[in-house]
Amino acid sequence: MSTDARQFRRGADGYEEARRATVWNGLVPDRYPDLIVQAHDVDDVVATVTGAHGPFSIVSGGHSWAASHLRDGGTLLDVSRLDQCVIDAERMSAVVGPGKVGSALAAELDKLGLFFPAGHCEGICLGGYLLQGGYGWNSKVVGPACESVIGIDVVTADGQRVYCDADENSDLFWAARGSGPGFFAVVTAFHLQLHPRPAVCGSCLYIYPVEVLDDVFTWARRISPEIDDRVELQIITSRNLPALGLEHPTIVVASPAFADTEAEAEAALSILSSCPAVDRAIVKIPYTTTDLAGWYGAVMSNYPTGHRYVADNMWTSASAEDLLPGIHRIIETMPPPPSHFLMYNWSPSPARDELFYGLEDEINMALYAVWPDPADDERYRDWPRDNMAAMAHLATGVGLADENLGRRPARFATDQNMARLDILRAKYDPEGLFNSWMGRL
Ligand SMILES: Cc1cc2nc3c(=O)[nH]c(=O)nc-3n(C[C@H](O)[C@H](O)[C@H](O)COP(=O)(O)OP(=O)(O)OC[C@H]3O[C@@H](n4cnc5c(N)ncnc54)[C@H](O)[C@@H]3O)c2cc1C
């Protein structure tokens with residue numbers, strides 16, 4: 001073990017600080033590992049895995065909404081300090097540690113004219129993000145971020161350092177791309193394929209009063225398959241937007257468009273002015289030039305730090321007619337802001353057979369209950385679960401990015417992929433060292 005590595009036994013000084021530091025969410029679950037180890041290099045990882053007996057969890061950025069890494073008993077390995085990042089601009093590749101922050105990588109690449117589909121919020125680490133799939137900027141074009149992972153370095157349950165890619169240890173490579181908290185080895189580095197940075201990031205913004213909800217969602221569902229892949233339609237509904245002086249529930253329709261020219265971006269976004277309720281929009285900006293930094297700032301206003309969060313979600317291709325009763329219920333029962341309901345459109349691909357990744361579908365609906373006061377825990381924490389459970393008959397499955405599996409077990413991969421993953425887990429982790437998802441169907 002390196003001299004920098006630190007270990008905290010339950011009850012010892014510094015333990016609670018170390019445990020809380022692994023959770024981004026202000027809602028820190030009452031689950032207590034026996035031992036927390038803060039690794040500083042791969043040798044620390046090997047030493048910790050080799051010496052571990054009980055259930056074993058790993059944390060990178062701690063942005064799992066459910067704090068999936070916090071379990072009772074056993075060992076928690078914190079790899080957030082493995083945040084190395086080596087970019088090879090000429091080969092358009094990078095090798096990054098699991099503790100590397102995705103938004104920081106995006107900013108570094110931006111300066112080099114390069115791009116990687118990092119997540120939509122600041123602070124998310126690549127460890128958990130890439131393992132669960134990674135719905136990132138421009139992912140409708142370049143695919144979920146795990147599709148841009150070309151190799152990984154892992155430490156397996158028997159303490160071996162192993163490199164995996166499409167040719168070497170390809171079964172582990174398959175499992176690592178999409179299984180999230182169900183992966184059964186420690187990732188110490190990701191080898192990434194980078195992309196050219198799109199020249200332009202144009203945007204549009206429309207804000208509608210909730211009274212035209214049926215029009216907006218029926219339209220959004222209808223145009224969903226026609227939307228240019230460079231457009232990420234995001235529809236956010238919340239009870240009010242005090243920052244804009246709006247006191248009534250509103251529906252925000254916004255999208256970036258990544259393109260080669262302003263004209264292309266503007267043309268791609270023009271479909272979003274076709275809503276039949278467009279004349280009722282309180283705010284109407286059909287096109288403006290933006291950048292990724294601006295988008296990060298806007299998105300983060302929905303996710304203030306220190307607040308308590310519970311999320312849940314579903315993939316679906318159901319019609320607006322079928323979805324609307326559930327959408328009405330979501331909005332009628334929604335906690336105060338910044339709680340919100342996000343709907344985004346997606347481009348599912350039938351050809352993603354080289355990875356475990358999910359039950360993606362035409363749209364994703366995600367609910368975020370957000371509140372500052374612990375006294376409101378009981379009041380708000382079940383809002384995402386109850387509403388998603390009520391619509392489960394319309395769902396293809398859930399995305400692991402916003403999973404709530406401990407409180408609502410659900411499907412998130414095909415039966416075939418689940419069966420294959422279980423076989424691989426038995427092969428690579430025969431003693432069942434690693435913890436897995438908190439729930440599954
Ligand atoms: C504010 C916010 C915004 C978000 N926005 C997006 C978004 O735009 N797109 C998106 O796809 N997701 C998004 N997410 C979800 C986020 O990507 C996932 O929760 C992801 O797991 C976070 O990565 P992490 O390393 O910070 O998480 P962690 O909580 O550290 O990791 C999650 C799980 O992954 C496993 N794990 C982590 N690191 C390793 C490792 N090195 N080796 C083996 N297993 C490991 C563990 O089982 C762990 O419990 C968002 C989350 C938050 C809180």
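## Basis

Residues are numbered from 1 along each chain as its sequence is written, and side-chain values use heavy atoms, leaving out hydrogens and water. The model is predicted: local features need pLDDT of at least 70, side-chain atom pairs count only at pLDDT 80 or more, and totals for chains, interfaces and linings use all residues.

## The sheet

Eight strands form an open sheet in the order S15-S12-S14-S13-S17-S18-S16-S19. Pairing is antiparallel. Strand S15 (283-290) and strand S19 (395-397) are the edge strands, and each pairs on one side only. Neighbouring strands are turned by 25° against each other on average, direction ignored. Strands are DSSP runs (E, at least two residues), as are helices (H or I, at least four), numbered from the N terminus. Two strands pair if DSSP finds at least two bridges between them.

Strand S16 (residues 308-316) and strand S18 (residues 363-371) share nine bridges in the antiparallel sense. Val310 stands opposite Ala369 in S18.

## Helices on the sheet

Helix H7 (residues 213-223) packs on the sheet and touches S12, S13, S14, S17 and S18. Its direction makes about 25° with that of S14. Helix H9 (residues 292-300) lies across S12, S13, S14 and S15. H9 runs at about 160° to S14. Contact means heavy atoms within 4.5 Å. Axes are lines fitted to C-alpha atoms, for helices over the stretch in contact; angles run from 0 to 180 degrees between N-to-C directions.

## The ligand

The ligand is surrounded by 30 residues (a heavy atom within 4 Å). The closest are Ser60, Gly62, His120, Gly128 and Tyr135. By class, the shell has 17 nonpolar, 13 polar and no charged residues. Here Ala, Val, Leu, Ile, Met, Phe, Trp, Tyr, Cys and Pro count as nonpolar, Asp, Glu, Lys and Arg as charged, and the others, Gly among them, as polar. Helix H4 gives the most to the shell, with five residues.

Backbone N or O atoms also lie by ligand oxygen atoms. For Ser64 the distance is 3.0 Å. For His69 it is 3.3 Å, and for Cys125 3.3 Å. Taken alone, the ligand exposes 950 Å², and the protein buries 95% of that (Shrake-Rupley method, 1.4 Å probe).

## Backbone features

Most residues other than glycine have a negative phi, and most peptide bonds are trans. The bond from Pro337 to Pro338 is cis, with omega near 10°. Pro338 is in the loop between helix H10 (320-332) and S17. Met92 has a positive phi of about 55°. Met92 sits in the loop between strand S5 (85-88) and strand S6 (93-96).

Technical notes
Polar contact = N/O pair within 3.5 Å; in protein donor to acceptor, adjacent residues only side chain to side chain.
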